[in-house]
Amino acid sequence: MIRRHLLALPWLWPLARPARARDGATCRGTGDLGLVVERAHGSVLRFETSTPSVLGRVEGLGDLSHAAAVFSRDQRYAFLFGRDGGLTKLDLLTGEVVARIVQAGNAIGGAISGDGTLVAVANYDPGGVRVFAAADLAPVADIPAGTADGGRSRVVGLEDWGPRHFAYALLDGDEIRLLDLTDPARPYQRRFPGIGRMPYDALVTPDGRYYVVGLFGEDGLVLLDLWAEEPRPRRILAGYGRGERPLPVYKMPHLEGWAQAGDLLFLPAVGRFELLVVDRRDDFREVARIPVHGQPVFAVARPDGRQVWVNFAHPRNDVVQVIDVPRLAVVAELRPGRAVMHLEFTPRGDQVWISARDSDRVVVYDTARLSQIKAFEARTPSGIFTSARAARIGF
Amino acid sequence: MRLLSPCAAFALLLALAPVSLAAAPAPPPERQAWLLRLLRQDCGSCHGLTLRGGLGPSLLPERLAGRDPAELARIILDGIPGTPMPPWRFEIAPEEARWLAERLVEGRDR
């Protein structure tokens, strides 16, 4: 009764309802927003992690297999990279498509510059990097990935590492390139050929210092110290398979977003059921191998570095394992659903969002209790990306 | 493995049958659905959800024109050594691979 009387008093309404901006849009922050890619449907779900809840769906975004997103520095806009070369600038607040272009025939991902002005896309066809203005997606630079034999290579592992600096690798060219777009009209590139066979993906450490490239054709990874006057690629974890034949790989590991927890870096052993752990302060030497449930696809550190969560390749992809970093051991195993594709933490790591593609479900876990908080329906969900990525180098 | 045995039995029946079949025998409907989903979702990890290519080449009919389904089936089953293409023999039976290969070549994989 009392409640009804209170609601009848118009002067109380502003307290009870979210503030509204003059244009009528609900006035709220953007630091707790994110996207779930529904890859088979060309759509994304917008969500917020505070309640948590799903805010709405945006459709008509093209082929979103392997789609990934980066975020504007104000955390309001997502830039979504589609497999079909589509690049969409999406307003996380309103769900409105602000700009959309199809910039190539086949793309694998992209990055946003540290100063927030440039969005770069890694393309498979035509192989190279194309760069656009974050403001309106106007073309800024086109950098073909030419190879020694006169062909063009597919580009992988495109990462930001400075105000207008990117790093990428040539899948078909066995090469790393550092791209400086301080003056976008005069792209400056440094090339590092012959790094090893078939680089397939890469990461930048959270401090922007190291660029780490995974190789498919050889056991080992390539490390480039971006702070060095004259960076030189060097091999780490060379011969990690110790001559044993790797198992067939039913889904390639992804390196971006791979775990750095304190000084330890958790890296995938391609075709093996283990995580390799190297110590940055001990010259990237292997300090541990952690046996896991399957071939790891993503290993992501909770932002505080206390845990690393791992998902796995087909067909062992119904399980997520949690590694306790101080003990370097698996301490929990969760089953969020069938075909776990991706996982994303909230900025402080209290929640992790996990997509289970074949269960059409996204599950939110409390990472301290390892218990489910909530589950949402989603259509073949794959990648999950939160706006907090805006503030992270290499995301 | 559990899924292979009915198919293996089916293959055996066919082998005993007096007729030679040019086209692969159709797997049971639920198995067809499973195979087509595997094609989209898991082959799609590398070949793209729409099979337009990615890490692996395009599997669209215009790219596969003239390819022998038997050869494609062998690639599905055994993979291509030295490349990321893995063997799928552990969960796809030979006649299922052949059926899938025919669908791909003919563009009837939807």
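Which residue takes a positive phi in the hairpin of β13(A) and β14(A)? A:Asp174 does, with a phi near 50 degrees.

This is a predicted model, in which local features need pLDDT of at least 70, side-chain atom pairs count only at pLDDT 80 or more, and totals for chains, interfaces and linings use all residues. Residues are numbered from 1 along each chain as its sequence is written, chains are lettered from A and ligands numbered from 1 in the order in which they are written, and side-chain values use heavy atoms, with hydrogens and water left out.

**View 1. Strand β13 of chain A, residues 165–170, is largely enclosed by the rest of the structure.** Strands are DSSP runs of E with at least two residues, numbered from the N terminus. Of the 6 residues in β13(A), 6 are buried. Buried means under 20% relative accessible area, exposed over 50%, and partly exposed in between, using a 1.4 Å probe and protein chains only. In a regular strand, side chains alternate between the two faces of the sheet. Here A:His165, A:Ala167 and A:Ala169 point one way. A:Phe166, A:Tyr168 and A:Leu170 point the other way.

View 2. Two strands pair if DSSP finds at least two bridges between them. A:Gly162 stands opposite A:His165. The hairpin of β13(A) and β14(A) has 4 residues between the strands.

**View 3. A:Val363 lies in strand β30 of chain A, residues 361–366.** Its relative accessibility is 1%, so A:Val363 counts as buried. Contact means heavy atoms within 4.5 Å. Leaving aside neighbours within four places in sequence, A:Val363 contacts A:Pro336, A:Val352, A:Trp353, A:Ile354, A:Gln372, A:Lys374 and A:Ala375. A:Leu223 is 140 residues from A:Val363 in sequence and 35 Å away in space, C-alpha to C-alpha.

View 4. A disulfide is counted as a pair of cysteine sulfur atoms within 2.5 Å. The sulfur of B:Cys43 has its closest cysteine sulfur in B:Cys46, at 9.0 Å, which is too far for a bond. B:Cys43 counts as buried, at 13% relative accessibility. A:Cys27 is partly exposed, with a relative accessible area of 49%.
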